[in-house]
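Subject: Handover of a structure and the findings from it

Dear colleague,

Please find below the structure that I am handing over to you.

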Amino acid sequence: MFQILFAHPKHTHTLTDWNTPCKVERMYFATIFKVCKMLYQLFWFLAACCTFIVNALWLCCNFASVGIPWLMLLLFLVCIGSKFVKLKSPADDVVLSMLSKNEKEQDGTEPLFWPIVNRGGAFDAPENSLVAINQCLAQKCQKILLDLSITSDGKAIVCHKSTLEKANINVPVNKLQSSFFDNFNIAEHHPLGQLFQPEKVLTFEKLLKLLESSEVTVFLLASHINSHMLDIVRETVAKSPIFTKRIIFCCSSPTAIYQVALRGGSASHKEGGVVFAVDKLVIHPNYDDDNLNFDVCMVRIVESFVEHENISILPLTTSNTIPSNEQGTVSGWGATMSDGESVPNLRATSVTILSTNACTRQTRSYVSTTESMFCAGNVGRSICVGDSGSPLVFDRRQIGIVSFIIKECGGTAPAIYTRISNRAVRDFIRQQISSTQQRVAFLKRGRSSLIH
């Protein structure tokens, strides 16, 4: 019986199975304990990192609170010291050689810069004054920038609003009568005004007389443009040759830019041919400045283009459609690359005229074309900056007007042209031509009646 209890293998195996669940439970609890211990250690590690970052920031704030006042004090002392430290001025001969720089170098190349004396040298003399201009002429300055303004009664003067602001006058020049400037001393409020005699504001007429006896070029900047200003400029261009020889008229108004003068009969836009004074500029009534829809205007000159050498009439298209997939010719003085400058002589190239569907498909990602537009251009061959208003010719007739480019010159996207075959565009052109012909006929009848 004792052998059966202790030696039988079955009973021994049964005792082993009873101990197995206890071992599994102990291993399970040990694993849970290890995981909790690991999470506990990770928590304290993260807490230590956050504490370190907070302490580092606190330390930086302490250093800043101590150091910033000292830095401010140091900057204040540097500003005070700069008042007593005089920088070495450049040599007078160097300055004068730069101001008297000619438009051509000694080797005949173009200069890298144009030194322009702003307002006649407003630091050394009252700005836009006669004494400032005379100082520039005495130092042989080649180019001067002056400000052209107009009074409320239509008189052109050389004055800038900053001159009035120095005298605590915050009224624009175009809101003041010309009689106000008869008693206004522009030298009184200049920092060196006590060194100069009292001087009135320079008028546009006196400036033209001054330029008759000098070789200086004046950049005349007009900040405010109105009809009176344009009338004065047009009359001056027609009557005074000094304006086109000695004055470069600068302004931001497209209307004023195109109403100054036009040159015809020359492949160069700087010389040759005949210069025509512009009488009127008429923009299409439906022109949209946002999407450039109906981008067309008519320029009427004082005299006729006809009867002048090297000038002929280019007829307009009579078709109501555009010649798709044909080669047209566009010409102009625009740049040859997107960041380039206008070329001095007329250039021309052939471009492919696209159909309406092809135009819409290739420009859909950039612009929304309208019925008054069409596309033309080739990769590497197209219009560029400065070609706006140029004609596109097909079969010896003008079918389009250069409007704008997309992205870059000669890129994958074609250029946009104003469609002359569009009825609204063509009717506008014919209406302006008709009114001009009636005006010319009326003037001729007036002259003939005076003769008889």
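The notes below begin with the whole chain and then turn to single regions and residues.

This is a predicted model, in which local features need pLDDT of at least 70 and side-chain atom pairs count only at pLDDT 80 or more, while totals for chains, interfaces and linings use all residues. Residues are numbered from 1 along each chain as its sequence is written, and side-chain values use heavy atoms, with hydrogens and water left out.

**The chain as a whole**

The protein chain contains 11 helices and 15 strands. Helices (H or I, at least four residues) and strands (E, at least two) are DSSP runs, numbered from the N terminus. Of the 452 residues in the protein chain, 32% are buried. Here, buried means under 20% relative accessible area, exposed means over 50%, and partly exposed lies in between (1.4 Å probe, protein chains only).

The accessible surface of the protein chain is about 30000 Å², and carbon and sulfur atoms account for 59% of it. Such areas come from the Shrake-Rupley method with a 1.4 Å probe; for residues, only the protein chains shown count as cover. A contact means heavy atoms within 4.5 Å. Taking the contacts in the protein chain between residues at least 6 apart in sequence, 61% join residues at least 24 apart.

**The annotated regions**

An unreviewed UniProt entry carries the annotation "transmembrane region" for residues 38-57 and 63-80. UniProt positions are given in the numbering used here, feature names are shortened, and annotations may be inferred rather than shown by experiment. In the model, residues 38-57 are 100% helix and 0% strand, with the end C-alpha atoms 29 Å apart. Residues 63-80 are likewise 100% helix and 0% strand, and their end C-alpha atoms are 26 Å apart.

Thr 217 belongs to strand β5 (residues 217-222). With a relative accessible area of 14%, Thr 217 is buried. Beyond its neighbours within four places in sequence, Thr 217 is in contact with Gln 142, Lys 143, Ile 144, Arg 246 and Ile 248.

Ile 248 is itself part of strand β6 (residues 247-250), and its relative accessibility of 33% makes it partly exposed. Not counting residues up to four places away in sequence, Ile 248 touches Thr 217, Val 218, Phe 219 and Leu 220. The C-alpha atoms of Ile 248 and Leu 221 are separated by 8.5 Å, although these residues are 27 apart along the chain.

Most residues other than glycine have a negative phi. Asn 168 is not a glycine, yet it has a positive phi of about 60 degrees. Asn 168 sits in the loop between α5 (161-166) and β4 (202-203), and it counts as exposed because its relative accessibility is 70%. Asp 395, also not a glycine, has a positive phi of about 55 degrees. Asp 395 is in the loop between β13 (391-394) and β14 (397-404), and at 63% relative accessibility it counts as exposed.

Is Gly 411 buried or exposed? Gly 411 is buried, since its relative accessible area is 9%. Gly 411 lies in the loop between β14 and β15 (415-419). Leaving aside neighbours within four places in sequence, Gly 411 is in contact with Asn 378 and Val 379.

**A pocket and a cavity**

On a 1 Å grid over the protein atoms alone, a cavity is a set of points where a 1.4 Å probe fits but cannot get out, and a pocket is an open set with protein on both sides within 12 Å along at least five of seven lines; lining residues have an atom within 4 Å of a point. Grid points are joined across faces, edges and corners, and a volume is the space filled by probe spheres set on the points.

The second largest pocket holds about 310 Å³ of space. It is lined by 17 residues, and Ala 335, Thr 336, Arg 347, Thr 349 and Ser 382 are the closest to its centre. Strands β10 (326-332) and β11 (347-353) each supply at least two residues of this lining.

The structure holds 1 cavity of 30 Å³ or more. The largest cavity has a volume of about 70 Å³, and its lining residues include Pro 126, Glu 127, Phe 184 and His 190.

Yours sincerely,
A colleague
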